[in-house]
Structures are given as C-alpha cells and as structure tokens.
Amino acid sequence: MQGTVDGFSYGLVTPVAAFLMACLGGALGLRCTTRSLRHRDTFKAGWLALGATSIGTGIWTMHFIAMMGFSVRQAPINYDRPITFASLGVAVLMVGIGIFIVGYRGATALTLVTGGTITGLGVATMHYLGMAGMRLQGRIEYDTLTVALSVVIAVVAATAALWAAVSVHGFLASLGASLVMGVAVSGMHYTAMAAVSVHLHGAEARTGTGDTATSLLLPMLIGPAVFLILAAVVVMFDPLLVMGDPDWQRPAARTPHRPGVPAPRHVPSYGEPANWSARPAGRGPGRPGPRRGPRRGPRKGEHTTEQQKT
C-alpha cells in the first residue's frame, strides 16, 4: 500500500522556521571563521571549532524542524534517538573537517573543492542518516536521480559556504551570504524529501497523525537551539571587548616605524599575532646619540693652537 506523504503538515510554519535556523547557523559559522583569521594559535582553532559546530548544529536543527512538518497520513512516525543524535555528530564532524582545511590552508581552488566536497557529503550523510532513524509501519524508498541531485546541491552549497567564510568580511555581505546559505540548505533538504516515497505494510497500516513525531522531535531540538543562541551571544560580544583590547591592538601602540627612527623594544602580550617581532632600539638621523670617546682631530675649517701661533 502506498502511503500519502505530506511535507507541509503545518503549512509554511516549519519551512520558514527551518530556513531561519539554517541562516542563523550559517551566519554564526561565517562570523566565527572571519574572527579566526585574526589569530594564528589557540584562538584560531577555537573560533573554527565554534564555527563548525554552529553550522553543523544549524543544519541539523533545520532538518528536523522541517521534518516536524513531514507526515504520512496512514501511519504515525517515530524516531530512533541514538541514530538521530548520531546524525548531529556526523554533521558537526564533517563540517569541522571542511572548515579546518580551508581555515588553515587558505581559499585556494584545491582546498575549497576538497573541503566543500567533504562538508557537502557530511550534510547529505546527516540528512539520510536522520531519515534512517525514522520509524513507521512501512518502508521508505528513494528516487536515485533525485537523491544524486540533492547530494550535488549539498556539495555546491558547502563549497560556496566555505568560500564565503574566508572571503566575505563585511556585515552586510556576511548577512547576504548567510541568507544564500539558508536557501541552499533548505533547497537541498526539500529536494531530498522529493525523492521520498513510503510503501506501507497493508495489514499494519492505520490512520495516524504527525503529532507523535512532533512530540518526539521538539524536546530533542531544545538543546541544539539553546547552543545556537549562546553561540550568537558569544559572537555578538567579542571576548576581546569584554577583557579589554591588548596593547598591540590599540591605535596608540601601533606607531608606524620610520626608517632610522628607533623602535621601542616590544614584549609580546597574550593573544598577540605571531608575526609581531620586537626590534632593537637604534639611532636615527633626528636623534644623535651620545658621543663615545674624545673627539680626535680638528673639524674641517678649524686650526689647532700650534697652527694659530705660527
């Protein structure tokens, strides 16, 4: 028996909410990756990890918010919790690999293709692993060509997202990039869902609603949603603004060095970039140093006492 599939049981509520969560995760990931470009040591890894977790959590949350609107009219839907949370781990891990590749290797063509492919495959794996956790009285079938198209969309979207993460720095540009990411991720999800058909077991098929799925998914979404909110707070309030800017970031301490002018000896501070080097103090043309030893011989145009007597 073929089941009647409805992907929009709550109308536009779930698609819009899912899109907003995808945009939030993408915006946080972009911002964290941009912040990571300022640092070369532990701060860089921390910002990249936060960005990867934000993007992965945003995509996972988007997927299951959209799945709250998915229902099969002839059968109730349940979800296996271990598989559902395993899909979250896959999303964060695979996105993290792509983010770290691009974050440390730069936005070259090879790194973007490599990182985008890994990230896109991770997003697709998260989606279909989450679908594998679905439990209903029947069998889920997929259209092969539509599934392949969804994977291609995921890889292209992930590559574009990684490029934007290392290339887009302005606020408005980052906002536009996050909206594009939200459209791409949502498009990938609903393309993949268009490949779904459900074949119910005739003897076990019965009338049901999507309320069971909603009651199961909603509590599982609370933790990731809270994480995204906390990550947004961290990004909005830069820790450097809370702790105070180090001396090397203040304009007064960044006096440009002119040739010949002595530069003060600099002691690196906590969190200072690795390319800042201390320079020894020297003498410049405008600051004559102290004379070392007595002057020997007359200056040009002067005569000694013996020459004046003669």
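A salt bridge is a side-chain nitrogen of Lys or Arg within 4 Å of a carboxyl oxygen of Asp or Glu. The model is predicted: local features need pLDDT of at least 70, side-chain atom pairs count only at pLDDT 80 or more, and totals for chains, interfaces and linings use all residues. Residues are numbered from 1 along each chain as its sequence is written, and side-chain values use heavy atoms, with hydrogens and water left out.

**Exercise 1.** Find how many salt bridges the structure holds, and which side chains meet.

*Solution.* Step 1: the structure holds one salt bridge. Step 2: the side chains that meet are those of Arg139 and Glu141, at 2.7 Å, N to O. Step 3: buried means under 20% relative accessible area, exposed over 50%, and partly exposed in between (1.4 Å probe, protein chains only). Arg139, at 40%, is partly exposed, and Glu141, at 29%, is partly exposed.

**Exercise 2.** State which residues touch the most other members of the largest nonpolar core.

*Solution.* Step 1: a nonpolar core is a set of buried Ala, Val, Leu, Ile, Met, Phe, Trp, Tyr and Cys residues joined through side-chain atoms within 4.5 Å. Step 2: the largest such core has 51 residues, and Met67, Phe70 and Met134 touch the most other members. Step 3: contact means heavy atoms within 4.5 Å. Beyond its neighbours within four places in sequence, Phe70 has contacts that include Val5, Ile77, Met134 and Val196.
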